[in-house]
Amino acid sequence: MIIENSLPVLLSRLDFAWITTMHILWTPLTIGMSWLLFFLEIAWLRTGDERWYKLNRFFEKIFIINFGAGVATGVTMEMAFGILYGPFSQAAGPFFGNILGFETITAFMYEAGFIGLMVFGWGKVSKGMHAFATFNVGLSSSLSAMWILVANSWMQTPNGVVLKDGLFQVENWWHAILNDNFIWGFPHMWVATVELSLFVMAGVSAWFILKNRNADLFTKMLKPTLLALLIVTPIQIFIGDSVGKDVADTQPTSLAAMEGHYHTYLPDGKPNTSWNLIAIPNANNDGNLFQISIPHVLSLLETHTWDGVVKGMDQFAPEDRPDVWVPFYSFRVMVAIGFFLFFVALWGNWLRLRGKLSAESLRKSPWFLRAVIFSAFLPYLAIWTGWWVREIGRQPWVVYGQMRTYQGVSHMSVAQEVIWFAGYIVFELLVWAGAWYFFARVIAKGVDGIAPSDQLFHHGEEGDAHAGGGHAQASFAKPMLKAER
Amino acid sequence: MDFTHDIVRITSALSTWWWILLGLMFLFYIALDGADLGAGIFALFSKDEDERGAIMASMAGFWDGNETWLVVAGGVLFGAFPLVYGSAFNYLMIPLMIALWAIIMRAVAFEFHVHARSSRKVWGWFFAIGSLLAPFFAGVALGAALQGFPMENGLAMAHIAGRDYTTPVMHFSGNALTWLTPFSIWTGFGAVIAAGLAGGLYLCARFVPGDVIHQRAKGWTSLFSLLALAAIVVTLVWSYAIFPWAAAKWTGPNWWVWAAWIVIVLFFAFKSMSNHSAGHNFVALLWGEGVVVLLWAAMWATMYPYIVPGTWTIQEAANPANSLAVFTLFMTGFVPIMIMYNWYQIWVFRGRFTKKSIYAAH
C-alpha cells in the first residue's frame with residue numbers, strides 16, 4: 001500500500017477532495033451562465049425584445065442562488081490550502097501562492113465588486129452600466145477559472161521551477177504559468193463551464209415546453225442554445241482528446257491508471273496495445289483480475305500507431321503508482337457523457353432542420369425534451385469525474401514527480417481530520433440541498449411574475465422601492481450625512 | 001559589487017510593502033464586513049423574520065464585496081508570505097474552520113431567505129448565528145496568532161511511517177488546541193463587541209429615523225459603545241501583561257507616540273458617541289470606523305518587525321525576492337482599482353430604508 005493511502009494521509013486527501021468536489025458543483029454555472037446572461041442582456045438592449053429581458057431576469061434568479069452557493073463553498077477553498085496542506089503551501093508558495101494571490105485580487109474580488117450591481121442594480125444604474133457590470137462578472141469569473149487552472153495544472157506539470165531551500169523557486173515565469181498541462185487543461189475546463197451552462201438553460205427551457213408553460217418563449221431560448229451546443233460539444237471532445245495526449249506525454253502514471261494499463265509488454269515480448277473497456281484491478285495494484293480489452297486501440301489512441309509502446313504501471317515502482325479504480329471508471333463516464341451530449345446537440349439541430357423545433361411538435365414527441373432535461377445534469381457528473389481522474393491520477397504526488405502528497409500534509413491529528421470531514425459533509429450537503437431546492441422553487445414559480453422592463457426606470461413613490469430592483473431614484477447620500485429630524 | 005546585499009535590501013523593502021498592504025486588506029475586511037456581521041448579531045434579537053429580512057436586504061448589494069476582503073487578505077498572505085499562510089492556518093485550523101462554517105451559513109441565508117416560505121425562519125437564524133460565530137472565531141484566531149505558535153522542520157504529518165523527509169522549512173508543530181487560551185477566547189468576545197458596535201452604527205445610518213429598526217439600533221449602539229470602550233481597556237492591559245514585545249514598545253523611548261495615539265482614539269470614540277447621540281448617524285459611523293482604523297494600525301505597528309509575534313518576522317516569512325517582485329509589479333496597481341469599484345458598488349446602494357419598504361418584494 002502506498003503511504004498516501006494510509007489513514008491519516010487518505011483522510012487529508014478526502015478532506016480536500018470533498019470540499020473541492022462540492023465547490024466545483026457551483027462555479028461552472030457561474031462562469032458559463034454569466035456570459036449567457038450578458039448575451040441575453042445585449043440581445044434585449046439591441047432588439048428591444050422584451051422576451052430576452054424576461055428570460056434574462058428569470059435565469060438570473062437561478063444564477064444568483066448558484067453564485068451564493070459558490071461563494072459559500074469558495075471562501076473555504078482559499079483557506080484550505082494552508083489549513084490542510086500547510087507544508088505544500090509553504091513549499092509551493094513562491095509560485096502557487098503568487099498565482100492564488102493573483103486570483104483573489106484580479107478575479108475573486110473583481111467578481112464581488114460587480115455582482116451586487118448585476119443582481120441588485122437593475123434600475124439603480126443605467127442600462128449601459130448594468131450591461132457593463134454583467135460583462136465584468138463574466139470576465140472576472142473566467143479569469144478566476146484561468147488562474148485556478150494555472151495553479152492546478154502546474155501541480156500536474158511543474159515547469160519553470162527549481163526546488164531550492166525547500167521551496168519551489170521560480171526560474172521562468174512563462175514556463176510555469178503556461179505549463180504543459182495548462183495549454184489544453186484550461187480550455188477544457190472553460191468550455192466545460194459553457195457546455196454545462198448551455199445544457200442547464202436548455203434543460204430548464206425544455207421543462208417549460210414539456211409542461212406547456214410559456215412554451216413559445218422557451219422555444220425561442222432553446223433554438224440558439226442548441227445551435228451553440230452543436231459547436232461547443234464537438235470542440236470539447238477535440239480538446240479532451242488533446243488533454244489526454246498531453247497526459248500521456250507528461251504524466252505516464254496517470255495515463256496508465258486512467259486506462260488500467262499495467263503491462264507495457266505482453267508475455268511474448270511484444271508491446272501491449274490493448275485498450276480496456278472494463279477492468280477490475282487486483283489488490284496489489286500490479287495487474288487486472290479481469291478485463292475486456294480491444295487490441296491496438298490504446299496504441300492508436302496514444303501514439304497514433306498500430307503497435308506503439310505505451311508505458312504501463314509496471315514501468316514504475318509500486319510506491320509511485322496511483323490507484324486505478326477511480327481514474328479508470330471516472331474517465332469512461334466522462335467520455336461517455338461527452339459523446340452523449342454531442343448526440344443530443346445533433347438530435348436537436350436535426351429536428352430544427354426538419355422544422356420540428358416548435359413548441360407544439362416538440363411536445364408531440366416528448367423524448368427529445370426529456371433527453372435535454374436529463375442532459376442538464378450530465379455535465380455536472382462529467383466535470384466531477386474529470387477532476388477525479390486528474391487529481392487521483394496525479395497521486396501519489398501533490399506536485400507531480402517533485403513532492404509526495406504525504407510530504408505536503410499539515411500537522412494534524414486524525415481526530416481533526418475527521419471533524420473537518422464530518423462538518424463539511426453537513427454544511428456542503430446543506431448548501432447543495434438548499435440551492436437545488438430553491439432552483440426548483442424558482443423554476444416552478446416561472447416567468448410570469450417578472451415585471452416588464454419599463455417599470456424599472458419609471459416608478460412612483462420612492463417608498464415603494466425595494467432592493468430587488470425598481471429603485472430608480474437613489475435615496476441620495478445627503479440624508480445620510482445630516483440626520484433627518 | 002555586492003549583489004546579494006542589494007537583493008536582501010530589495011526583499012526587505014518589498015516584504016515590508018506587502019506587510020502594509022496585508023494590514024490594509026484585513027482592515028478593509030474588519031471595517032466593512034464588521035458592520036455587516038454586527039448587523040447580523042443585532043438580528044439575533046429581532047422579533048420577526050421581516051426585520052431580519054430587512055437587515056439582510058439592506059446589505060444585499062455589497063455584503064459579498066465586503067466579505068471578499070477577507071479572501072483577498074488570505075490571497076495576499078499566500079502570495080507574499082506563504083510560510084505564514086501554510087503554518088498559521090494549520091495552527092488555527094479549528095477556529096478558522098468554525099468561522100468558515102459560519103460564513104457558509106450566512107452566505108446561503110442571504111440567497112435562500114428571500115425565496116423561502118416555510119423555511120424563512122431557519123435561514124433568518126442561520127444569518128444571525130453565522131454573523132455571531134464568524135467574528136467570534138475570527139477574533140479567537142487573531143488573539144491566538146498574537147500569541148505565536150511552536151514550529152519545527154521535517155515531516156509535518158508526524159504519525160505516519162514516512163520515509164526520511166527533510167526540509168529546512170519550518171511548519172506548525174503544536175496540537176489541535178494550542179490556540180485555546182483565556183486571551184484568545186477573550187479576543188473572540190472583543191471581536192463580537194466591536195462588530196456589534198459597528199453593526200449598530202451601520203443600522204442607524206441605514207434606516208430612516210423613527211423606523212422600528214432604527215429605534216432599537218440606537219439603544220443598542222449606545223450600549224455597545226460603552227462595552228467597546230471597556231473591551232479596548234481590557235485588551236490593552238492584558239496584552240501589556242502577557243506580551244513582552246508589546247510592553248517593550250509601548251513603554252520604550254517612543255512611549256509618548258503610543259500615549260498620544262490613545263488620546264486620539266479616545267477623541268474619535270468621543271466624537272462617534274456624541275454624533276450618535278445627536279442623531280448624526282452617518283458621521284457617527286465614520287468616526288467609529290476611524291477608531292477601528294487607528295487601533296488596527298497601532299496593533300500592526302506594535303507587531304513590527306514580526307508578522308506573527310515571536311514566530312515569523314516579515315523578512316523570514318516573505319517569498320523569495322523574485323516572487324515578491326513579480327507580485328508587486330502585477331498586483332499593486334490592482335489595489336486602488338479594487339477600492340474604486342467596491343466604493344462605487346457601495347455608493348450605488350447608499351440611502352436610508354425602512355423595515356417595510358426594503359423587504360417588500362426583494
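The model is predicted: local features need pLDDT of at least 70, side-chain atom pairs count only at pLDDT 80 or more, and totals for chains, interfaces and linings use all residues. Residues are numbered from 1 along each chain as its sequence is written, while chains are lettered from A and ligands numbered from 1 in the order in which they are written. The predictor gives the complex an ipTM of 0.93 and a pTM of 0.92.

Chain A holds 18 helices and six strands. Helices (H or I, at least four residues) and strands (E, at least two) are DSSP runs, numbered from the N terminus. The radius of gyration of chain A, taken over C-alpha atoms, is 25 Å. Of the 485 residues of chain A, 53% count as buried. A residue is buried if 20 or more other C-beta atoms, placed from the backbone, lie within 10 Å of its own. Contacts require C-beta atoms, placed from the backbone, within 7 Å. Among contacts in chain A with a separation of 6 or more, 74% link residues 24 or more positions apart.

Strand 3 (residues 275-281) and strand 4 (residues 288-294) of chain A run antiparallel, joined by six bridges. Pairing requires at least two bridges found by DSSP. A:I278 stands opposite A:I292 in strand 4. Six residues lie between the strands of this hairpin, where A:N285 takes a positive phi near 60°.

At the interface, 80 residues of chain B are in contact with 82 residues of chain A. Helix 5 of chain B gives the most to the chain B side, with twelve residues. By class, that side has 50 nonpolar, 26 polar and four charged residues. Nonpolar means Ala, Val, Leu, Ile, Met, Phe, Trp, Tyr, Cys and Pro; charged means Asp, Glu, Lys and Arg; the others, Gly among them, are polar.

Helix 11 of chain B (residues 281-303) has 23 residues. At 1.5 Å times one less than its number of residues, the helix should span 33 Å, and its end C-alpha atoms are 33 Å apart, which agrees. Its buried residues include B:F282, B:W287, B:E289 and B:M303.

How values were computed:
A residue is buried if 20 or more other C-beta atoms lie within 10 Å of its own, exposed if 12 or fewer, and partly exposed in between; C-beta atoms are placed from the backbone. Two residues are in contact if their C-beta atoms, placed from the backbone, lie within 7 Å. The radius of gyration is taken over C-alpha atoms; the globule rule is 2.2 Å times the number of residues to the power 0.38.
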